[in-house]
Amino acid sequence: MAVQVSNQAQELLERIWLETEEKGREEVELDRLGISPEDGALEELIRLGLVNVSEGVLKLTPQGYEEAKSAIRRHRLAERLLVDVLETGYQLLEERACKFEHLLFEGIDEKICTLLGHPKVCPHGNPIPPGRCCLEAKEGERVVAPLSDLKPGDKGKIAYLQASSSKELQKLMAMGVLPGAPIELKRRFPSYVFKVGYTEYAVDKRVADQIYVRITD
Amino acid sequence: MIPLGFGRRAFRRVEAREADFKIALVGNPNVGKSVIFNALTGRYVTVSNYPGTTVEVSKGKAKFGDKIAEVIDTPGMYSLLPITDEERVARSILTHERPDLILHIVDAKNISRMLPLTLQLMELEVPMILVLNIMDEAERAGIRIDVEKLEAILGIPVVPTIATSGKGIRELRERIEERMGEEEWEPSKVKLNPELERAVSEVEESLEGEYDVPKRFVALMLLQDDPELGAEVRSREPNPRRVEKKVSAARASLARSPVYAITMQRQRAADSILDQVISFEEARRRRFSELLGDLMVNPWTGIPFLLLVLYLGLYKIVGGLGAGVLVDFIEGTLFERYVNPYVTRFFEAIIPWKILQDLFVHDYGIITLGVRYAVAIILPIVGVFFLVFSVMEDSGYFPRLAMLVDRVFKRIGLNGRAVIPLVLGLGCDTMATIVTRILETRREKIIATFLLALAIPCSAQYGVITALFAGKVISFAIWAGVILFVFLLAGFLASRLVPGEEPTFFMEIPPLRLPKISNVLSKTAARMEWYFVEVFPMFILASVLIWIGRVTRVFDLLVKLISYPVRAIGLPPETAQVFLYGFFRRDYGAAGLYDVQREGLLSDAQLVVAAVTLTLFVPCIAQFLVMGRERGWRTTLAVVGVVISISFIVGFTVNLALKAVGFG
Ligand SMILES: Nc1nc2c(ncn2[C@@H]2O[C@H](COP(=O)(O)OP(=O)(O)O)[C@@H](O)[C@H]2O)c(=O)[nH]1
């Protein structure tokens with residue numbers, strides 16, 4: 001962290017990210033965010049040089065863009081951690097994730113990200129911006145990993161599915177590959193063969209990349 | 001049974017009497033539906049395309065007490081929310097034909113994966129029986145299911161069976177008979193979580209139209225964004241916009257996608273039911289079949305195993321037994337000695353004109369060529385091939401083969417699943433071209449069709465080719481090597497050139513099972529029947545065309561045309577005729593070559609060049625027609641053009657190469 005940003009200001013950054021980057025816009029009106037020009041968090045962001053405001057329209061500076069991206073990333077990683085490892089229900093998820101995300105600083109986010117197998121989407125299916133660790137594909141101790149990274153004989157529970165389309169998700173689920181089900185990788189070559197319950201399946205790498213497993217021994 | 005897209009037990013007469021009662025068999029693929037269907041229906045079966053689709057559905061009649069029931073074997077389905085055409089047809093049968101009774105057939109050891117479908121089916125509010133099939137494997141795995149308790153919880157009859165040995169079928173019949181009398185039906189329903197229930201009931205209450213299925217079912221499907229029911233709403237609702245708004249609002253109120261949330265809830269419901277009825281014992285020791293299964297999918301042992309299967313299955317059994325022993329007897333003895341001389345004399349006696357006699361008999365007549373080829377050469381070879389194929393299918397070898405070759409097949413633009421049509425092509429390319437239907441994308445279908453036309457020799461063809469190379473192992477190896485190389489190279493190039501999405505591979509691998517002889521025989525018989533009905537007329541047509549071509553002298557012209565490229569690849573001009581006739585019967589080309597060789601016109605090198613070029617050369621007329629029907633004529637003509645060019649280019653190259661190394 002180059003600068004110290006308060007929790008409120010971080011949350012505002014996340015909302016700005018959702019309204020700009022994820023809606024494909026450059027800027028956003030203060031009205032849309034529902035805040036006044038005198039808002040404390042906003043003033044903090046302006047003071048730190050993370051946003052510019054002119055005539056009621058707000059825009060992220062390059063530094064602010066990076067800051068917002070990493071705030072969103074921390075929030076969604078926190079959600080993943082809560083759901084996949086700590087098995088938090090969806091009702092409590094939002095509230096807890098907001099608290100949790102503020103702990104993921106100074107490399108902890110990278111550790112968690114590696115632990116979770118560099119997830120690409122949050123439990124709601126929104127993208128998690130990749131961090132440096134994802135681009136370098138850091139290996140390390142893991143709790144959750146895509147099936148394609150497991151070794152033959154590894155066992156676990158399916159943590160979540162990250163299908164590229166809803167049809168593919170539907171197909172996986174209909175065939176019995178569901179989150180929560182026990183899974184065992186039997187071979188990686190020439191195709192991935194895994195067992196869920198009493199059924200064996202053969203898939204290619206593309207499908208194996210979509211099945212995230214919480215590894216147990 | 002692999003849905004090959006053509007009849008299983010086709011073309012049998014149905015008993016005339018109308019059915020009093022309709023029963024639908026439903027379940028995942030590979031749970032024994034076909035075996036149970038056969039056990040229930042016996043002999044009265046029809047297979048037809050489901051209206052507007054290429055999916056085939058078997059229907060049969062069965063007697064229960066004094067009532068006649070129509071039994072429908074639906075295509076395999078994983079979920080009532082369809083993804084594939086098979087699933088769409090299966091659901092359509094359930095929702096539109098409204099059976100009086102549903103038999104949900106599951107693989108007992110996989111009940112935890114299949115019970116959610118039972119719960120879904122119960123939402124249709126049609127009387128139902130749950131059949132726990134393949135109990136033998138469940139018991140071996142140490143799974144005990146408390147059937148009575150399961151019945152009590154679900155509120156429907158549950159019948160354990162071992163379809164292959166007939167165990168439990170009598171009880172099943174009795175339970176069906178009981179249900180046929182009943183009108184009352186009190187299904188237990190799965191309650192979803194409060195959030196989902198609220199969403200479902202909001203949509204349900206907004207529905208005002210009349211539906212064939214319960215409104216709760218409609219609401220569930222709408223929430224999951226099912227396009228078919230969406231269309232139904234538009235045609236049946238007085239105010240569809242209002243319903244659509246309700247659906248969007250309900251969807252927006254949910255944290256997760258409705259498909260995901262509903263599937264997970266159902267699984268949870270199924271698991272909590274099963275917690276009460278399943279107990280586990282120590283599984284029996286690893287079985288030999290599991291060991292064998294492992295050997296088949298490990299490349300180090302699997303590839304030698306595959307070669308062994310090809311050698312024994314294709315070379316020894318199809319080539320040796322089918323093309324050798326059987327053809328020698330039927331063709332060589334029966335036809336040559338008895339049928340041909342007799343009919344030739346008969347036609348010569350009643351028809352005074354030589355030209356007209358030629359239409360029926362002599363070298364190219366309908367009977368001496370067409371019928372003789374169909375009955376005496378092709379049928380035994382193809383029949384033996386189908387036998388081998390059905391054994392491989394019934395044992396569960398194909399999914400293992402598919403996973404073994406998937407990586408290589410990806411390079412040629414296909415996925416592992418395509419081994420099924422390609423292996424079938426080694427029997428009959430025409431039939432295999434139809435079976436490319438089981439591939440998911442248009443791109444894969446085109447590539448598979450192309451490769452079948454180019455580089456997969458049919459059983460009749462390699463039957464003759466193995467005879468041609470008798471005692472010439474090196475020549476045979478060169479031929480096989482070149483064809484394999486062209487197959488891979490052409491596939492590789494096609495995968496670069498044919499646009500479309502990359503295929504994915506995802507297949508369930510059923511346990512290896514000892515094939516059941518009656519199953520194998522009935523599948524073989526059905527396929528031979530299909531083959532005969534579909535392809536026999538083409539032989540007759542081919543004979544007639546050859547006759548016309550000869551009478552009008554068009555053939556002389558064509559032969560002259562073909563003789564240029566034939567000479568260019570270093571072959572004697574006499575072989576030109578072989579190429580032309582090869583179009584009418586691929587194998588005939590090879591057989592013609594056999595005659596040319598016997599006359600001593602070909603050196604070893606020329607023999608290899610001729611066999612290679614002929615194998616690659618255009619498909620037979622039957623395959624050509626089927627290609628046109630399945631892929632469209634533009635694609636077909638393009639494919640044929642490419643195939644002809646490749647065959648001569650390869651022939652030319654092989655000729656140069658063999659000369660360069662001084663072979664033959
Ligand atoms: N061990 C065992 N195998 C069975 C049983 N029922 C069917 N099979 C086998 O399971 C495989 C699939 O059966 P099939 O009827 O073709 O399945 P379908 O796809 O559901 O029509 C075949 O090899 C059958 O011989 C059974 O009760 N026990």
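1. Buried area, as used in this note, is the accessible area (1.4 Å probe) that two parts lose on being put together, summed over both. The model is a predicted one, in which local features need pLDDT of at least 70 and side-chain atom pairs count only at pLDDT 80 or more, while totals for chains, interfaces and linings use all residues. Residues are numbered from 1 along each chain as its sequence is written, chains are lettered from A and ligands numbered from 1 in the order in which they are written, and side-chain values use heavy atoms, with hydrogens and water left out.

2. On the division of chain A: domain 1 covers 1-142 and domain 2 covers 144-216, the bounds coming from an automatic or database domain assignment. Twelve residues from domain 1 of chain A and ten residues from domain 2 of chain A take part in the contact, where contact means heavy atoms within 4.5 Å. The C-alpha centres of these two domains of chain A are 29 Å apart.

3. On the side of domain 1 of chain A, the residues A:D84, A:K120 and A:R142 supply 47% of the area buried against domain 2 of chain A, more than any other three residues. The count of salt bridges between these domains is zero, a salt bridge being a side-chain nitrogen of Lys or Arg within 4 Å of a carboxyl oxygen of Asp or Glu. Two residue pairs are in polar contact, both at pLDDT 80 or more; such a contact is a pair of N or O atoms within 3.5 Å, where within protein one must be able to donate a hydrogen and the other to accept it, and residues adjacent in sequence count only if both atoms are side-chain atoms.

4. On the interface of the two chains: 31 residues of chain A are in contact with 35 residues of chain B, and the area buried between the chains is about 3200 Å², of which carbon and sulfur atoms give 63%. In chain A, the residues that lose the most area to chain B are A:M175, A:P190 and A:Y198, which together account for 21% of what that side buries. There are two salt bridges between chain A and chain B; A:K171 forms a salt bridge with B:E440, with the closest N and O atoms 3.5 Å apart.

5. On strand pairing between the chains: β8 of chain A and strand β10 (residues 506-509) of chain B run antiparallel and are joined by four bridges. Strands here are DSSP runs (E, at least two residues), numbered from the N terminus, and two strands pair if DSSP finds at least two bridges between them. The bridge partner of A:V203 in β10 of chain B is B:F506.

6. On chain B: the domain assignment gives domain 1 (21-180), domain 2 (194-280) and domain 3 (296-503 + 519-661). B:L81, B:R91 and B:E123 supply 26% of the area that domain 1 of chain B buries against domain 2 of chain B, more than any other three residues. Three salt bridges are counted between domain 1 of chain B and domain 2 of chain B, and B:R91 forms a salt bridge with B:D226, the closest N and O atoms being 2.8 Å apart.
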